[in-house]
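Here is a set of questions and answers on one structure. Please have the sequence and the model open while reading.

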Amino acid sequence: MTKKFNLLLDKFLINITNWVIANKYRIVGFIALVIFTISFSFLPYLNLVFTNSLVLFLIISLFFIIFHIGWKIILYISIAFLLIAFILTITGFTPMATVLGDFTYGFLIIIAIKYFILI
Amino acid sequence: MKRYFNRELLTYLLFVALALIGIWLLTKSWIPPGYAIAGHDSGLALNAGDFLKTRFFAWDDRIDFGSDNSPHFGSIIMHSFDYIISLLAKVPYAGSQLAVFFWISGIFIFSFIFSFSLKERFGKYFVLLFPIFLTFNFFIFQSIFILERAKYELIFSSLFFLTLAFKIFFNEKSNILKYSIIFSLMIAIFNGGGWFGLPLYGGLFVIAITVLLFFLLQSIKEKQYTKFKQILIFYLLNILFFIFLNAYSIFPYVITFINSDFAKVINQGTINAGYEWLNYISRGSSFLNLFRMQGIPDWYLTGYSANPDHAYASLYLTNIKFVFISFAIPVITLLGLLIPTKEKLEKYTILFFIILLLVSMFFVSGTNSPLGFIYEFLYTRIPGFNIFRSPYYKFAPSYLIAFSFLLSFSLSKIISVVRFNNLLKLFLVFLIIIGWFKYHNLVFNSNDLFTWQPGKSTLVEVPDYVNEFGSYLTNADINGRILVVPSFNSTWRDDSYKWGYWSLSALPSLLVQNANFITNDINIFSGEEGWVNELYKLLLTKDKDNFLKLANRLGVRYVFVKEDYYIDSSKDQKLYFDSINWFSDNGILSLLKKIGPWSLFSIKDANEENLFKLTENVFSIPKAQEYFENQIHNEEFNDGSWVDEKLASDDLKNTFKKIIYPLNCESCQIENLGKHADIPAVRILPNSPLYKIKQQRNDKSIDSAKDDQAKVGAYLGLIMIKFSEVRSMYELKIEKEFIDKGLKDISTYLQAVNDIITKSPEGLTSFYLASRVYETLNPLQRFFRDYVNSTDINFEKSYIKDDILKVLWQSVSLKKLFDPIIKQEDRWNNEKYYDLSRLSNSTYKLLIDTETLPVNSFGEKIKPDSIIIDESSQEFKLENSLDSNRFLTTTSEPIKDNLGVHFNFSNLPDLYKNNGGKILDFPEGTRGCLEGSINNFNNSRMYRFQISSTNDIDNLRLYIKEGTVNLLGNGFLRGDIEVDITAGTDQRAFEYIYAPSLNSDNPQIFLCRRDESIPRTAIIKIKEIFSPIVYAVNDTSSLNNEKALVSFIKINPTKYKIDTIDINSDQVLVFNTRYSGLWKLYSDNGKNLINDHFIVNGYANGWLIKKGNWSNLVLVYEPQVWYERGRIISIGSLLILVILFGKKKND
């Protein structure tokens, strides 16, 4: 059992490593952009616009764009966000649920663009 | 035949028939026989036929002093539907069950046409589901209570537009001309009820823009531009045909729009007023709520909590079952997209509706979204966009269409991939429809559907006497205005009845078309309201002589009394009915007709229809002083016609018999120094990279100041800004170098003000300048003195300390310059100084508004002891007594090169009434207090409290409890205003200026020690701060009291023919109807326009008629002329398009 698990883990690690090697420039670029976005959001006056939720949305969107995430996966994520929003709504965390609704809207824009490109 | 009636088509027809039967039964369950939908802002007439007749005229003379009707020509067709439906339903009113059935069925049928047109692409289940989702949802159902026909019309048109747009998209060859003709005719019929409803086009605009964008994107992607060209031609033809077909409504409105509405739309005040509303409406329309097909503004108290007053919002927003379903809807909608679609055009269609959904959601959510700032920008910066101040209601149709499409598509996709046979699949569709109805079940309840506020519904049973009274008025010979009694509620201005009707539109205006009702409703303009309110006041005070005079002047010949009026205060209602009985008993009113609780009285001696009048007695008064015109009843002013000198031509000025100048109380400006200084809010501080722009703007304000006085004003403004910045920088602990720079700037500006004032010493006697300087420097001094007194100053850098002290010193020096007038504060409490320098050398008398005089402890007005002209012994003497006149008149005195006039008041009483000592419990502890009140309290006045004490001065706190003393459930007494008493720096008594709130009534005053002993050594004095309103009147020539009536013939509400006028002197022709620049007076049968047209009496039309003989005068309301021209074009275009369509069909 342990051996099987180790093998699976090895395979997973190899896949991860391969993915990292194949996407090394993208990863570096993504990290650089994330750092830049976060730093940007701390600047005086700009921090009024770049709220935490907007920064998070931008980072996720950057991830989708840089790593060429397919529209269907983004759609699944949107559905998951809506389900989480449902749980947050019934537990009284409505403001947080609202933010997830905003994210879903943003993801739909990305989906529409990707959908259009693929037609 | 077989081709048309195949089995499938019959199935669809059966579906539609079943749906229509269902809608019929549903509407039947809502509206029992004898009930009607009426009121709120539905515009549903109680007599649809009569109301329709009024729509054919650009001027509506039935409401108040008349109003422009030119934006409503487009609603002729909608009100024709109302009328036809009322005939079919055999009821007089528009809001019948048949009407509700007609409009809901319309949405269903047009959505079915749209879905049926996509049947080949999206399958049969889509055809069945889409009309259900689009017809039965919260958005449509929240609008049924006022049957928003205009909105429904545009939903019809939007659906039809999409049907045709996708026909063009799917077909290689489309007959664009034919489609354009069909759509133009369609939107000419279902046009959204005229241009007043232009914002309702929001949804259609979004669809049109998205379609265009979509065709462009598709063409770019496919590198094939045929379809884009086709849609462009479709758009161009539609615009062209639309203009021609709707010329009858466009032409008159364009005239009105250019003349007045454009200025209103771009007015910053309108934009600002609408901004609050925009945020209010957007509070619930977050993206998440829109994904849940909710977001209806009425549902939410705040963005996250349900409105407890809404009939069913709480349940849908909190019940876990309903919340789950609301989240399941978007999840299902998105899931359907995951099922593969092979057909390219289908993919494009889905993409189109995703884009439409996203664009619509952006607009619908208004300012409530992460993108709300863009909407805010569009609203505030794009001229005209502010008409969309209710984004949810205006853009929701496109959002709803897109959402319903995607939901129907997803469900039909899911059903089609389920491995059921066709019958089971159909059963599944049936289950979905039943589930959808079950989910919306609550909104089908008629009690909830028509209830818009607890206890208020638009579903009413109209009493028989309403229609009987309407019939009586229609057949009666009514010439003249009818005053509605009781007056409307002055806050809400609603017309509300005990039998349930509530509306902002006066009920009579929806009932008859040949009578002119006048009241203080929402339609009345400020210039008119004063007159109407005065008439009500004279009625209530039983001042019969002045009532008759004013009624005659306003053209009021009848009084309509409604005993079923729902009024908050039965006391007010009783006062009105007592007055009516009194007037009736004294023979001033005589009963013409009484039907149920409604009565019509005629006013004695009101025999002339005072619509036109020629007058020589023209008086001049500035526009801002309009209230004077309707409040003054002194004999010599009774027959005057008032105009604003600023708007008068030179010829008109020559006709003035009296010129009235308002005088400014100069000394009153220094009575309340620094108490209300507003420190400007700071957005950009000196450490910001954007500060340079701000600094440039500041510098520009000084450079652009034309004279020394303007420069001082600019410098004082900048001192406030800089002080505000420095204060904020201290709070935010910003680098000292920026604070120092700010202090240095303040110092420079203070020096500049000092230099200007000392250069021209006449400014030192200016009360205005003194008040400006004090208002600016008091808060600044308070802040820096507090800072200097605090321990923080010890840790301050020495150069900053020096700068603070320098600023303080400069401010003290500057204030000292005004000591000669400011230090006489006690003098100015008893003496009021008025500036006369604006008056030319002539003889004037003064008029003093007694309502603004101080009162003594018995409530009696205190007259000035003397009124002395500055630097002379010349004195104005009072001529009339206080008892019977609102305005005191003085003798006429020559005024020559004088500076001002002094009103001296002595014996101004202390208004404090001591009620003795008490021990009271406050949340802070038990306190010993002196309790008192203000004699003859008036909440529109301000009071100066002076508090002194030999022992307790620093141990006291002042509590003011406005209204009656109300010990709450916890038993503590709380003051609405609480002030700590401190000893004045110059050993003067502590002073507090009390400005009562509007709802304060006999406030209780408590002066309390911080322990339980009563502060017996404390002395409270309360004096009224008053500022008498004074006018100077220059009688330029004697009055002519001969009445010259003008005989005329009314052709229709927009056209009058006036008989020959033969006059020996220049006179003013007054047309006693609301002023509009579009009323045109022509002589010689319309050949020559009389140009000198102006506002008279603050609301009416006046023309200067030169002496001589004037024949065949014609008065027309110009938009009516354009309506008639446009009507010819519209009918002509209709005929051409029908012929063209027939020809195309044959081809």
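Q: How many residue pairs are in polar contact between chain A and chain B?
A: This is a predicted model, and side-chain atom pairs count only at pLDDT 80 or more. With both residues held to that level, the count of residue pairs in polar contact between chain A and chain B is four.

Q: How many salt bridges does the rule find across the interface of chain A and chain B?
A: The rule asks for a side-chain nitrogen of Lys or Arg within 4 Å of a carboxyl oxygen of Asp or Glu. Across the interface of chain A and chain B, the number found is zero.

Q: Which helix gives the most residues to the side of chain A that touches chain B?
A: Two helices of chain A, H5 (71-90) and H6 (94-118), each supply at least two residues of that side. By residue class, the side holds 21 nonpolar, six polar and two charged residues. The helix that gives the most, with 15 residues, is H6(A).

Q: What share of the area buried between chain A and chain B do carbon and sulfur atoms give?
A: In this interface, 29 residues of chain A are in contact with 35 residues of chain B. The buried area is about 3100 Å². Of this area, carbon and sulfur atoms give 82%.

Q: Which residues of chain A lose the most area to chain B?
A: Three residues together make up 25% of what the chain A side buries. They are A:Tyr45, A:Tyr105 and A:Ile119.

Q: Which strands stand at the edges of the open sheet of five strands in chain B?
A: The strand order is E10-E7-E11-E13-E12, with mixed pairing. An edge strand here has a single partner strand, so one side of it is left without a neighbour in the sheet. The two edge strands are E10 (516-518) and E12 (589-595) of chain B.

Q: Which residue is the bridge partner of B:Ile867 in E24(B)?
A: Strand E20 (residues 866-869) of chain B pairs with strand E24 (residues 900-904) in the antiparallel sense over four bridges. E20(B) also pairs with E21 (residues 875-876) in the antiparallel sense, where B:Ile867 stands opposite B:Phe876. In E24(B), the bridge partner of B:Ile867 is B:Phe903.

Definitions and conventions: Residues are numbered from 1 along each chain as its sequence is written. Chains are lettered from A and ligands numbered from 1 in the order in which they are written. This is a predicted model: local features need pLDDT of at least 70, side-chain atom pairs count only at pLDDT 80 or more; totals for chains, interfaces and linings use all residues. Side-chain values use heavy atoms; hydrogens and water are left out. Contact means heavy atoms within 4.5 Å. Buried area is the accessible area (1.4 Å probe) that two parts lose on being put together, summed over both. A polar contact is a pair of N or O atoms within 3.5 Å; within protein, one must be able to donate a hydrogen and the other to accept it, and residues adjacent in sequence count only if both atoms are side-chain atoms. Ala, Val, Leu, Ile, Met, Phe, Trp, Tyr, Cys and Pro count as nonpolar, Asp, Glu, Lys and Arg as charged, and the others, Gly among them, as polar. Two strands pair if DSSP finds at least two bridges between them.
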